[in-house]
Structure formats: C-alpha cells, structure tokens
Protein chains: 2
Amino acid sequence: MPAVKKDPLDQVFMALADGTRRQIVKRLAQGELPVSDIAKDFEMSLAAVSKHIKVLENAKMVSRRVEGRQHFLSLVPEQLADALDWISIYRNFWLKRMDALAAIVETNIENQED
Amino acid sequence: MPAVKKDPLDQVFMALADGTRRQIVKRLAQGELPVSDIAKDFEMSLAAVSKHIKVLENAKMVSRRVEGRQHFLSLVPEQLADALDWISIYRNFWLKRMDALAAIVETNIENQED
DNA sequence: CTATTGTTTAACCATTTAGTTAAATATAGA
DNA sequence: TCTATATTTAACTAAATGGTTAAACAATAG
C-alpha cells in the first residue's frame, strides 16, 4: 500500500500516460468485457494486462463485476470527466492563442502578392 | 536520450500526472514567466523545478525564450488540446451513463413515500 | 577581473513502473 | 475427483521518475 494518498488526478493522468491502457479504455467504451477478451488485443502476458487493469481500477476509471471465473470490466466515467475538466480550464487560453495565430496567418495571406 | 520515441500523448498525460507540473501549467496560463518566478511557488530545489519544466518542454507543452540570463516559459496549447481531444472521445459514453444514472435516481425519488 | 544572479547539468539515491515467468486461487466441466 | 479455464499474486528485473546537493555555465554589475 502507498504511504501517502495520491491526488486522484495524478492517478488518472498517470493511467492515461500509457498506450496499452488507453487502448483498454477505448475498448471498454464499447461496453463491458472480460479480462481475457481485452488481453487478446495485446502481445504481452496476461499478468501484464492484469496489472494495467489494476492501475485503471486504482484510478477508479474501471470497475469489475465478477461472474463465475470471468471478471467483467466496465468504464467508470467520473474520473475521466474530472481529467477533461482540468484540461478544459485552459481551453480559452489556447483558443485565444490559436485565433491570434489564425489572424496572423490570414493577414499574411491577404498581403501576399501572388 | 530515449531509445525509442514515445507517443506524444504518453508524454503529455505523463507530464500532467504530477501536481507540481499541473501547477506550473496553471501559472503559465496567466502568461509568460521566468524560471525563478515559477520556482518561488514550490518548496523543492530550483534544480527539481528545472527538471519539471524540462518534462513539460519534452512534452511540447511549454516553450522557452531566453533573454539574457532569464529563461521565459510559455504554454503551448496544441498538445494540451490533443489530450483534451483524446478524452473528449468518451464524452458521449459518460454523458449517456450519467443520464441513465440521473433517470434512475429520479424514478426512485418519484416512487418514494415521504 | 571578480562577484552575483539565473539557470542547467551531473552524480547520486529511493521509489515506482512495466514487463517477465512461475505459482496460487477460484470456478466449471467430465 | 481430476482437469481445464480465467484470473491474480509473488518474485524478480530493467528502466524511469522525482528528489537531493554540488558543480558548471552564462550574463550582468561593480
């Protein structure tokens, strides 16, 4: 167990910082799936996939429903929404920047001779 | 240097998976700042802050303008926008889920006796 | 030239991450 | 019960992360 509690956003962004885990999220967005179905998509061992799933669970992005020997995973939207919210705060910032850039580009095009 | 090139999204999400770096992003959203100004907000050494900045630069989220001995940092919007885009793909997914949840809650409230 | 300021780089260390293989656990089927 | 299936856990390893202090570098000031 971790000595100190991590910020939930730390965990969500960390979970997303890995292509394998992003692919898992992608697949789970289509609907619930058992571990083995997810593992089929990857070349690594089942144990490795199992660990990736655990990371997503710890970040509260995925939940598990055990039915017999199969563990069905599903996406939990809340934490992802929080991550989106965090980034969204900077939307205005970059929209302004991009508009400014677009304006510069357009001005230059207008002033071109051919 | 890294042996293999990392997926840019890996780097952006990894950069965001640290509270210190998120605070740096927050401050830079207000405008350009020299390294020392940023470092003032944190209890860690300047060298540590310098490393965090390097992580943000490697992720192409921050750019540097050297003027004399001061290095001014600014936010670069594109990569953050890409991260937002990635998460946004799942917006419909969770909106649907949340609506469903809201509907259930409302139904239960309607059926309550007091 | 020398000292001071702003910043990075180097060397080091503890912890975490991402993978491995092998063993353990739990359920289902013959 | 014995065996196969679904999955986790343990033990290990290599590499990355996040911090430290000390040294190096660059630019300005006296």
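Trainee: Which residues are closest to DNA strand D, and how many surround it?

Mentor: In this predicted model, DNA strand D is surrounded by 23 residues, and the closest are A:Ser36, A:Arg64, B:Met14, B:Lys51 and B:His52. Of the atoms of DNA strand D that come within 4 Å of the protein, sugar and phosphate account for 68%.

Trainee: What makes the approach of A:Ser50 to DNA strand D a polar contact?

Mentor: An N or O atom in the side chain of A:Ser50 is 2.7 Å from a phosphate oxygen of DNA strand D, and because a polar contact is a pair of N or O atoms within 3.5 Å, the pair qualifies.

Trainee: Which elements give two or more residues to the surface near DNA strand D, and which gives the most?

Mentor: From chain A, the elements that give two or more residues are helix H3 (35–39), helix H4 (46–58) and strand S3 (70–75), and they are joined by H4 of chain B. H4(A) gives the most, with five residues. Sorted by class, the surface near DNA strand D has eight nonpolar, seven polar and eight charged residues.

Trainee: What surrounds DNA strand C, and which residues are closest to it?

Mentor: Around DNA strand C there are 23 residues, the closest being A:Met14, A:Lys51, A:His52, B:Ser36 and B:Arg64. Sugar or phosphate supplies 71% of the atoms of DNA strand C within 4 Å of the protein, and the rest belong to bases. At least two residues of this surface come from each of H4 of chain A and H3, H4 and S3 of chain B, with H4(B) giving the most, namely five residues. By class, the surface near DNA strand C has eight nonpolar, seven polar and eight charged residues.

Trainee: How do you know that B:Arg69 makes a polar contact with a base of DNA strand C?

Mentor: An N or O atom in the side chain of B:Arg69 is 3.0 Å from a base oxygen of DNA strand C, and this meets the limit of 3.5 Å for a pair of N or O atoms. Contacts to phosphate oxygens of DNA strand C include the one from an N or O atom in the side chain of B:Ser36, at 2.5 Å, and the one from a polar side-chain atom of B:Lys54, at 2.7 Å.

Trainee: Why is the pair A:Arg65 and A:Glu32 called a salt bridge?

Mentor: The closest N and O atoms of A:Arg65 and A:Glu32 are 2.7 Å apart, and because the criterion asks for a side-chain nitrogen of Lys or Arg within 4 Å of a carboxyl oxygen of Asp or Glu, the pair counts as a salt bridge. Over all chains, the structure holds 14 salt bridges.

Trainee: Why are A:Arg65 and A:Glu32 called partly exposed?

Mentor: The relative accessible area is 35% for A:Arg65 and 36% for A:Glu32; because buried means under 20% and exposed means over 50%, both values fall in between, and partly exposed is the class that remains.

Trainee: What makes B:Asp41 and B:Arg27 a salt bridge, and where do they lie?

Mentor: Their closest N and O atoms are 3.1 Å apart, which is within the 4 Å limit. B:Asp41 is in the loop between helix H3 (35–39) and helix H4 (46–58) of chain B, and B:Arg27 is in helix H2 (residues 19–28) of chain B, so that distant parts of the chain, 14 residues apart, are linked.

Trainee: How do you know that strands S2 and S3 of chain B pair?

Mentor: Six bridges join S2 (residues 62–67) to S3 (residues 70–75), and because at least two bridges are required, the strands pair; they run antiparallel. Among the partners, B:Arg64 is bridged to B:Leu73 in S3(B). The two strands form a hairpin with two residues between them, and B:Gly68 in the turn has a positive phi of about 65 degrees.

Conventions
Residues numbered from 1 in each chain as written. Chains lettered and ligands numbered in written order. Predicted model: local features only at pLDDT ≥ 70, side-chain atom pairs only at ≥ 80, totals over all residues. Heavy atoms only, no water. Helix = DSSP H or I, 4+ residues; strand = E, 2+ residues; numbered from the N terminus. Buried < 20%, exposed > 50% of the residue type's maximum accessible area, 1.4 Å probe, protein only. Near = heavy atom within 4 Å. Polar contact = N/O pair within 3.5 Å; in protein donor to acceptor, adjacent residues only side chain to side chain. Nonpolar A, V, L, I, M, F, W, Y, C, P; charged D, E, K, R; others polar.
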